[in-house]
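Let's take a walk through a protein together, one step at a time. Have a look at the picture first, and then read on.

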Amino acid sequence: MAGGLVALLDDVAALTKLAAASLDDVGAAAARAGSKTAGVVIDDAAVTPRYVVGLPPQRELPIIGKIAMGSLKNKLLFLLPAALAISAWLPWALTPLLMIGGSYLCFEGAEKVYEALSGKEHGAEVAAITDPAELEDRQVSGAIRTDFILSAEIMAIALGELGGGSIWQQAIVLALVGLVITVGVYGVVAIIVKMDDIGLHLAAGQGSSAAFGRGLVKSMPVLLKTLSIVGTAAMIWVGGGIIVHGLAEFGLAGIEHVIHDVAVVAGGAIAGARGVLEWLVTALGAAIVGLIVGGAIVAILHLLPKKAGAAAPAH
């Protein structure tokens with residue numbers, strides 16, 4: 001009886017160690033997969049604040065909450081099962097789907113560059129809405145639609161980094177990545193959109209806190225503009241990187257090799273800065289590819305139809 005109890009305890013200890021090791025594996029896999037989505041996460045955090053522009057300040061946090069819940073629903077109810085199904089039955093489709101999503105990111109980024117250079121704002125129709133409830137619904141639904149694309153990229157990139165494992169481990173890792181990224185992104189967004197209110201509150205005080213509050217209020221337009229630029233750059237860089245890597249997966253590794261070789265040469269130019277320089281050159285190379293791909297899509301969707309319409313004879 002005692003021997004059986006000892007054996008049982010040994011089994012329990014072994015199972016506990018196995019479970020702990022599995023949890024460590026899950027945590028490590030989640031961290032590894034989540035880190036690869038950094039560019040898309042930056043873009044998500046940079047894009048979202050614009051959806052509360054023009055809305056009452058007291059509605060900002062509730063709107064961010066609605067968007068966050070929509071984002072979580074996108075990831076856990078729709079994208080996670082789809083990712084697991086692809087992993088189980090259509091693993092060959094992951095790279096093409098990633099490249100399609102990467103092309104969309106390139107297009108979104110290039111379209112923002114086009115709008116900035118041409119002075120034409122996409123979505124000016126939203127400004128014409130005067131009913132606050134209708135405007136809020138429009139902004140929330142638009143944000144959730146945009147989030148769906150970004151979330152799909154996040155989940156696909158995370159899935160691509162897992163490199164196997166059981167379907168349950170994949171499910172847990174993807175759920176962890178989706179949950180942590182959603183909470184992190186929209187927590188940061190909530191802080192960003194309320195920073196001006198925090199600044200105004202501090203500015204009403206005395207001494208250094210008042211000066212800090214005034215500085216915070218004055219810096220908000222610069223911060224939002226910077227976030228917009230960083231988000232656009234992240235879209236182009238991440239999308240281009242996905243396309244370059246996808247081409248290499250299909251045996252077209254020439255572009256990836258050229259970028260790598262240039263990065264290595266640049267990294268050796270300055271002693272002590274090899275890692276930083278190689279990363280910067282690699283990101284720049286991916287961004288150039290992304291801008292070319294995105295620019296081509298913008299031309300097809302925006303510029304060519306206009307030229308065709310202008311060239312059409314009047315009846």
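Two words will come up again and again, so let's settle them now. Two residues are in contact when they have heavy atoms within 4.5 Å of each other. Helices (H or I, at least four residues) and strands (E, at least two) are DSSP runs, numbered from the N terminus.

The model is predicted, so local features need pLDDT of at least 70 and side-chain atom pairs count only at pLDDT 80 or more, while totals for chains, interfaces and linings use all residues. Residues are numbered from 1 along each chain as its sequence is written, and side-chain values use heavy atoms, with hydrogens and water left out.

Now for the overall plan. The protein has nine helices and zero strands, and from the N terminus on its elements run α-α-α-α-α-α-α-α-α. Among contacts with a separation of 6 or more, 76% join residues 24 or more positions apart. Of the 315 residues, 36% are buried; buried means under 20% relative accessible area, exposed means over 50%, and partly exposed lies in between (1.4 Å probe, protein chains only).

Axes here are lines fitted to C-alpha atoms, for helices over the stretch in contact, and angles run from 0 to 180 degrees between N-to-C directions. Helix 4 passes helix 5 in a left-handed crossing. A crossing is left-handed if the near helix is turned anticlockwise from the far one by less than a right angle, and right-handed if clockwise.

Which residues of helix 4 and helix 5 meet? Helix 4 brings L94, L97, L98, G101, G102, Y104 and L105, and helix 5 brings I149, L150, E153, A156, I157, L159 and G160. By class, this contact has 10 nonpolar, three polar and one charged. Ala, Val, Leu, Ile, Met, Phe, Trp, Tyr, Cys and Pro count as nonpolar, Asp, Glu, Lys and Arg as charged, and the others, Gly among them, as polar.

Helix 4 also packs with helix 7, at an angle of about 150° and with axes 7 Å apart. That makes helix 4 roughly antiparallel to helix 7, and the crossing is left-handed. Among the residues that meet are M99, S103 and C106 in helix 4 and I243 in helix 7. The contact of helix 4 with helix 7 has 12 nonpolar, eight polar and three charged residues.

Let's stay with S103 for a moment. Leaving aside neighbours within four places in sequence, S103 is in contact with I243, V293 and I297. S103 and G290 are 187 residues apart in sequence, yet their C-alpha atoms are 7.6 Å apart in space. V293 belongs to helix 9, residues 274-311, and is partly exposed, with a relative accessible area of 22%. With neighbours within four places set aside, V293 is in contact with S103, C106 and I243.

Next come helix 6 (residues 167-203) and helix 7 (residues 207-249), which pack at an angle of about 160° with their axes 6 Å apart. That makes helix 6 roughly antiparallel to helix 7, and their crossing is left-handed.

Finally, let's look inside. A nonpolar core is a set of buried Ala, Val, Leu, Ile, Met, Phe, Trp, Tyr and Cys residues joined through side-chain atoms within 4.5 Å. In the largest one, which has 36 residues, I64 and L174 touch the most other members. Apart from it lies another core of six residues, including M99, C106, I243 and V244. I64 itself is in contact with T48, V52, Y186, V189, A190 and V193, leaving aside neighbours within four places in sequence.

E60 is found in helix 3 (residues 60-89) and is buried, with a relative accessible area of 9%. Not counting residues up to four places away, E60 touches V52, V193, K194 and D197.

Notes
Parallel < 35°, antiparallel > 145°, perpendicular 65-115°, else oblique.
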